[in-house]
Amino acid sequence: MAVTIQELIAQRETLKEKHNQKYTIETSVGEIVVKVPDAALIAESLNLSTGFEINKHLVYNSVILPNLREGELQKAFGAFEPTDIVAKIFLPGEISRIGDELFKLAGYDTKIVSKLYEEVKNS
């Protein structure tokens, strides 16, 4: 049976919280904290030219601890472009794995089941 409007309204706060959750990811440099990427960030990332650039952009904009935007960090690693810091800290394959995990957190790995819908007709 399809979810009702009332059921969705009842879940409103839970669904809102789900979009704002933070997660930890264990990496080669230690644990990082990430936020769930929103639809705008996913769309912006997917407009980049290569898979590596997509993941680098996604990681840069989703990691909240440590703050990859911190000027001192950027300067210490010699990052010319802001997103360069990602490749200076993480290995290429690790950037890909972190990006994959961020896509999963955004629901891109959610199992969806479809069935043929048949309306019940009153005779």
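Gln 74 is buried, with a relative accessible area of 10%, where buried means under 20%, exposed over 50% and partly exposed in between, for a 1.4 Å probe and protein chains only. The model is predicted, and local features need pLDDT of at least 70, side-chain atom pairs count only at pLDDT 80 or more, and totals for chains, interfaces and linings use all residues. Residues are numbered from 1 along each chain as its sequence is written, and side-chain values use heavy atoms, with hydrogens and water left out.

- Gln 74 sits in helix 5 (residues 71–77), helices being DSSP runs of H or I with at least four residues and strands runs of E with at least two, numbered from the N terminus.
- Apart from neighbours within four places in sequence, Gln 74 is in contact with Tyr 60, Leu 68, Arg 69, Ala 79, Glu 81, Pro 82 and Ile 85, contact meaning heavy atoms within 4.5 Å.
- Ser 45, which belongs to helix 3, counts as buried at 0% relative accessibility.
- Leaving aside neighbours within four places in sequence, Ser 45 is in contact with Ile 54, His 57 and Leu 58.

**Helix 7**

- In helix 7 (residues 92–108), the buried residues are Glu 94, Ile 95, Ile 98, Gly 99, Leu 102 and Phe 103.
- These buried residues of helix 7 pack against strand 1 (22–27) and strand 2 (30–35), as well as helix 3 (39–46), helix 4 (51–62) and helix 6 (84–89).

**Helix 1**

- Leu 8, found in helix 1 (residues 5–10), counts as partly exposed at 41% relative accessibility.
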